[in-house]
Amino acid sequence: MKAYNSLLFFLSILAMLVLLCHVFPEDGLTIGHKAEIDTTSSTSDSSTVTASAQDTVTTTANFEALDDDTVMVYETDFLTQLQKESFTLRFPTLAQAMSTKSDKSGSAESELEKAERELRMPIEQDSLNRLNDSLLAQEEKEKKAYLDTLNFYQRFATKSSARIYFPNDDVHMMDNLIASLQRCGRGEVVHILHYGDSQIESDRITGFIREKLQQRFGGNGPGLCPAMQPIASYTVAQWASDSLPRFIADGNLRQKLSDDHYGVLAQMAKLNGHITLNYTIRNSNKVYSKAKKFSQIKLLVGNTSANFSAKLRWGKKDSTQILEAAKPEMSVITWKLDTMVSDVKLDLNGTAEIYGVSMDGRSGVSMDNIPLRGSSGTFFTKISSHLLSTSMRELNVKLILLEYGGNYTPHIYSMDRVKKYKDMIAGQINYLKRQCPNAMIILIGPADMTKKIDGELQTYPFLEENIQGMKEAALENGAAFWNMYEVMGGRNSMIKWVDHVPAWAASDYIHFTPTGAGRIADMFVQSFMNYCDYYNFLKRNKKWTEEKK
């Protein structure tokens with residue numbers, strides 16, 4: 001080919017690419033099904049179901065297992081559930097193509113890598129590996145190693161974006177919790193309640209944290225499940241022989257009770273007659289290993305009629321327990337099996353309020369996934385204080401995670417609203433502390449959320465102010481705070497999470513994908529474990545710790 005023909009060929013290709021930069025949609029071209037997202041709809045806590053659904057919710061025969069690659073976007077308010085997978089083709093604009101800036105430095109992965117570097121103790125800090133044996137006496141070397149390690153933990157606790165914030169920066173606030181976790185593997189079950197909104201639905205985030213804590217401290221099983229489960233879980237498949245009236249304290253699926261007997265799961269099902277409840281761990285390699293088997297089952301019921309009976313069936317065995325006298329208070333019926341199982345059935349007869357079924361090991365950690373779609377976390381004061389305190393005592397609750405703020409953010413249009421939400425969250429924290437004084441509370445702020453403002457995707461107005469208000473509500477009222485927004489990378493980080501390959505967030509720019517949920521859960525676990533390691537480091541080095549004081 002002649003030189004001028006080659007030149008014309010390359011110029012024509014360049015012209016085509018420039019034209020494509022101009023005409024290709026900025027938001028990309030979606031291939032496959034794409035649900036329309038209504039970003040203007042309300043996510044108010046007062047949302048209710050239709051009148052026909054107020055009294056009874058019918059369970060399906062069995063839920064289909066959810067795929068980890070499915071992007072979850074929800075139907076309610078500004079959330080629309082994606083029914084099929086899709087992917088988006090994107091092409092850079094001309095300005096992006098001509099830019100000499102590197103995308104790598106501002107990627108979602110690089111933001112998390114920066115936080116992870118702060119979470120990891122550098123190998124070179126161990127001065128025992130760096131000092132010449134002839135330079136210092138052994139005791140001096142040990143002290144130098146101690147001070148290096150202490151400096152790492154103190155730097156993490158005061159500087160890292162992934163740190164947990166404590167009132168008065170008191171990291172020893174976690175000491176009792178860590179001690180309880182380290183003891184529980186030797187004969188007791190410690191429950192961790194993880195309340196949240198749709199970000200934790202289907203055991204997302206919770207499942208990863210549960211697995212890591214059970215690996216370290218012992219424990220098995222998925223924890224508490226309701227009698228009626230309207231939203232499929234990755235971990236537990238449920239079905240019931242009949243429908244039951246179900247009542248939920250808050251959120252878009254809220255169904256109000258005439259009283260306050262919602263229970264520790266913030267929901268309750270009413271039984272009047274007979275029902276069979278089936279709980280089966282899904283047969284999937286996507287289910288975390290520690291949750292696949294359990295050997296202890298607890299049934300939480302109240303307002304039971306005389307001769308209320310509960311038969312547990314597992315394999316070819318069964319065991320029946322009967323409450324002979326009518327009992328208005330909450331009862332806990334417990335079965336301790338001599339083997340690990342992954343499938344049980346409960347045959348219930350009589351009248352009762354069913355607050356939940358817990359599937360655990362005989363010792364260790366049990367972590368309960370408690371999502372309320374559309375909730376802002378302001379419902380705890382609507383639950384009977386006696387019922388809540390009794391439930392938490394019976395379950396031996398030592399940690400309560402509250403993951404909220406996202407559903408309230410779209411309704412904030414002034415600092416007065418920020419202050420109002422701060423006050424509401426403070427009230428909920430104080431109420432929970434009164435009901436469960438031996439439990440630590442960690443408030444987890446919302447993820448970054450973006451929407452189009454003046455034609456450009458940007459972080460929601462007042463989101464940062466709302467997170468700051470939530471942080472103050474926690475620290476001023478004896479709770480800790482973990483800043484998910486800051487860990488993600490701060491302002492407009494959600495855009496990077498959506499653009500990440502594979503996607504870490506859904507195309508609604510609000511929710512994590514299953515992969516992204518696991519990634520943010522991993523960051524929380526790394527931070528939490530650092531405090532556990534810090535606690536053990538100080539215990540091992542009491543001599544140096546006391547001397548430093």
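**Backbone exceptions and a covered helix**

Ala266 lies in the loop between strand 7 (246-248) and strand 8 (267-281). Strands (E, at least two residues) and helices (H or I, at least four) are DSSP runs, numbered from the N terminus. The model is predicted: local features need pLDDT of at least 70, side-chain atom pairs count only at pLDDT 80 or more, and totals for chains, interfaces and linings use all residues. Residues are numbered from 1 along each chain as its sequence is written, and side-chain values use heavy atoms, leaving out hydrogens and water.

**Exercise 1.** Find the phi and the burial of Ala266.

*Solution.* Start with the rule: most residues other than glycine have a negative phi. Ala266 is not a glycine, yet its phi is positive, about 60°. Next, accessibility. Buried means under 20% relative accessible area, exposed over 50%, partly exposed in between (1.4 Å probe, protein chains only). Ala266 is buried because its relative accessibility is 0%.

**Exercise 2.** Treat Asn303 likewise.

**Exercise 3.** Locate the cis peptide bond joining Val501 and Pro502.

*Solution.* Most peptide bonds are trans. The Val501 to Pro502 bond is cis, with omega about -5°. Pro502 sits in the loop between helix 11 (493-499) and helix 12 (514-540).

**Exercise 4.** List the buried residues of helix 5 (residues 175-184) and elements covering them.

*Solution.* The buried residues are Leu177, Ile178, Ala179, Ser180, Leu181 and Cys184. Contact means heavy atoms within 4.5 Å. The cover includes strand 4 (189-196), helix 6 (206-217), strand 14 (364-371) and helix 12.
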